[in-house]
Amino acid sequence: MNRYYWILGAFAALVALLAIGLNLNPRDVPSPLVGKPAPAFNLNVLAKPETTLGPKDMQGKVWLLNVWASWCVSCRQEHPVLVEFSKKVNVPLIGLNYKEVRGDGGFDMSKMAADEEKKLAFERANKWLADHGDPYTLTVMDLDGRVGIDYGVYGVPETYVIDKAGLIRMKHTGPITPEVLGKKIMPLLAELNK
Amino acid sequence: MKRLLTLVFALFIASTAPGTKYPWGAAFAMDSATEAALAADPVAEKRLQKLSEELRCLVCQNQTIADSNAELAQDLRREVRTMIKDGKTDKEIVDFMVTRYGDFVLYRPPVKGITLLLWGGPVALMLLGLFILQRYLRRRTTRINAEDQPLSADEASRADALLKENTPK
């Protein structure tokens, strides 16, 4: 009889292990960038393509960097939360439009010239913001996703909280829900702005 | 038998622990003209292939960036290719990936505090299994030896009596 308990115990332990393991979110990869300076970039601003913006322009401010694209389905889910946030909270929210055209998958990039891609990307991004509301203080355009790589972007949408010294304090992968905003992001912003 | 099953179970868990490389195809997709042009250099291509097989694609997490055809894997292969062209060492290229995506991109994560269970777990489970097997076998031997004792005088006479009862007259 004793040995049956033994096996039952081992089985229960295995079930417990799997229950914990399978309930973890495999997308929740800890970012090594947290606590590090936000990687530099200098990208064209969507509203004023002749100007550029980078993290050094935001020095001295606590700000959010939100990675989005019009082809990103989860961004649509998160968008109302951001719109609401921008109305209520006085924290700069910078959009990083990630691979607007080539990330879409519906275009043959080998047949598209750089100028054409740029024009199309700006058109698409502007239209999307016009349709869904624009929560962003500014949006910058990362056409080829090179800046995305520096930020370790692997699943849009992603959001970074960057402090006054330009250090990344938090990274959230996936859509921001009201819960994430209320429980994680808002308290952090309040603390950083103290 | 039950104990033996436990052992088999333990070994099974050990064999499926992370760190096992996935056997399915290392097919390498050529996706654009520029890649094909750069591929003309077989030495660089071999390094790219080797490095790509060490790096995990974060979109389809069970594939290397060599196997995966996800957009991000293509972008990362392009980055690796550019870095090879720029004469970066393998270590510099791997560090580039780790600073951006963390140890998670490495199919062979470094041995350190947080990964000790990952590396030591399978070995620990195997040792545990061997220990259980050894204990089981030892007990079994003692049990068999105990049963193998010759019959005592009392037992022999009882056996004789039983046999006689059954002998047809």
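Helices (H or I, at least four residues) and strands (E, at least two) are DSSP runs, numbered from the N terminus. This is a predicted model: local features need pLDDT of at least 70, side-chain atom pairs count only at pLDDT 80 or more, and totals for chains, interfaces and linings use all residues. Residues are numbered from 1 along each chain as its sequence is written, with chains lettered from A and ligands numbered from 1 in the order in which they are written.

Q: How many helices does chain B have?
A: Chain B has zero strands. Its pattern along the sequence is α-α-α-α-α-α-α. The helix count is seven.

Q: What share of the residues of chain B is buried?
A: Buried means 20 or more other C-beta atoms, placed from the backbone, within 10 Å of the residue's own. Chain B has 169 residues. The buried share is 18%.

Q: In which sense do E6 and E7 of chain A pair?
A: Strands pair if DSSP finds at least two bridges between them. E6 (residues 158-162) and E7 (residues 168-173) of chain A have five bridges. Ile162(A) stands opposite Ile168(A). The sense is antiparallel.

Q: Which residue in the hairpin of E6(A) and E7(A) takes a positive phi?
A: Five residues lie between the strands. The phi is near 85°. The residue is Gly166(A).

Q: Which element gives the largest share of the side of chain A that touches chain B?
A: Contact means C-beta atoms, placed from the backbone, within 7 Å. The contact takes 16 residues from chain A and 18 residues from chain B. Helices H1 (2-23) and H4 (146-150) of chain A each supply at least two residues of that side of chain A. The largest share, three residues, comes from H1(A).

Definitions and conventions:
Buried ≥ 20, exposed ≤ 12 C-beta atoms within 10 Å, placed from the backbone. Contact = placed C-beta atoms within 7 Å.
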